[in-house]
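Try each task before reading its solution.

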Amino acid sequence: MKTAVPCYYHLDVDVSPERVGQVRRILAAHLRYWDLETLVEPVCRGAEMLLKAIDEHATDKHTSIEMWWNGQHLITAVGGDDRDLRPDQDLRGCLEHIAAMSDGWGCCATATGSKVIWFSQRARAGERVPLVPTAPEPSLREGLQVPRDLPVAALAATDGSDGVLEGAR
């Protein structure tokens with residue numbers, strides 16, 4: 001298994017009904033590549049809902065999708081360039097579903113007037129490898145048998161003492 005390494009992915013797309021399925025498959029492939037198989041369904045479902053809502057309500061269909069993995073949380077952000085789209089009105093039902101299925105979510109406007117909707121999914125305990133690397137274990141080929149010329153008891157007695165340990169006197 002891989003150690004948890006921060007990852008980032010960005011995709012620009014013009015949303016249409018046929019592109020929604022393609023984007024879902026692209027996001028799923030990246031999550032599987034990052035060893036986040038358990039997050040594929042909730043993340044792709046959330047992104048798919050947002051893309052369908054943007055396709056239905058937005059006049060400007062150009063959208064950016066970003067995913068950040070920090071080793072514990074995956075944050076997915078979908079940003080649209082439509083200045084007239086109002087998430088609090090047009091996307092209310094979609095945002096309710098996003099809030100119910102994610103660990104955290106939010107919506108904000110950018111300096112250019114576009115909107116960004118993000119949601120996060122936390123990797124549950126035991127689903128990812130620990131962040132600290134594990135020590136390598138030697139294989140059987142690396143372990144060598146070292147022949148001993150003298151038995152262990154004889155080695156202890158050759159140090160010039162009478163064979164009794166220091167602490168035993």
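This is a predicted model: local features need pLDDT of at least 70, side-chain atom pairs count only at pLDDT 80 or more; totals for chains, interfaces and linings use all residues.

**Exercise 1.** What pLDDT does the protein average, and what share of the residues score at least 70?

*Solution.* The average pLDDT of the protein is 77, and 64% of the residues reach at least 70. Next, look at residues 125-129: pLDDT stays under 50 there, and the model has twelve contacts for this stretch beyond four places in sequence.

**Exercise 2.** Describe how α1 and α2 cross.

*Solution.* Two packed helices are described by the angle between their axes and the distance between the axes. Take the distance: the axes of α1 and α2 come within 9 Å. Then the angle: they cross at roughly 155°. Angles over 145 degrees count as roughly antiparallel, so α1 and α2 are roughly antiparallel to each other. Finally, their crossing is right-handed. Residues making the contact include Val23, Leu27 and Leu31 of α1 and Val43, Ala47 and Leu51 of α2.

**Exercise 3.** Which residues touch the most other members of the largest nonpolar core?

*Solution.* The core has 33 residues, and Leu27, Leu31, Trp34, Ile65, Met67 and Leu74 touch the most other members. Now ask where the core comes from: α2 gives the largest share, eight residues. Zoom in on Ile65: beyond four places in sequence, its contacts include Tyr9, Leu27, Leu51 and Val78.

Methods:
Residues are numbered from 1 along each chain as its sequence is written. Side-chain values use heavy atoms; hydrogens and water are left out. pLDDT is the predictor's confidence in each residue, from 0 to 100. Contact means heavy atoms within 4.5 Å. A nonpolar core is a set of buried Ala, Val, Leu, Ile, Met, Phe, Trp, Tyr and Cys residues joined through side-chain atoms within 4.5 Å. Buried means under 20% relative accessible area, exposed over 50%, partly exposed in between (1.4 Å probe, protein chains only). Helices (H or I, at least four residues) and strands (E, at least two) are DSSP runs, numbered from the N terminus. Axes are lines fitted to C-alpha atoms, for helices over the stretch in contact, and angles run from 0 to 180 degrees between N-to-C directions. Angles under 35 degrees count as roughly parallel, over 145 as roughly antiparallel, 65 to 115 as roughly perpendicular and the rest as oblique. A crossing is left-handed if the near helix is turned anticlockwise from the far one by less than a right angle, and right-handed if clockwise.
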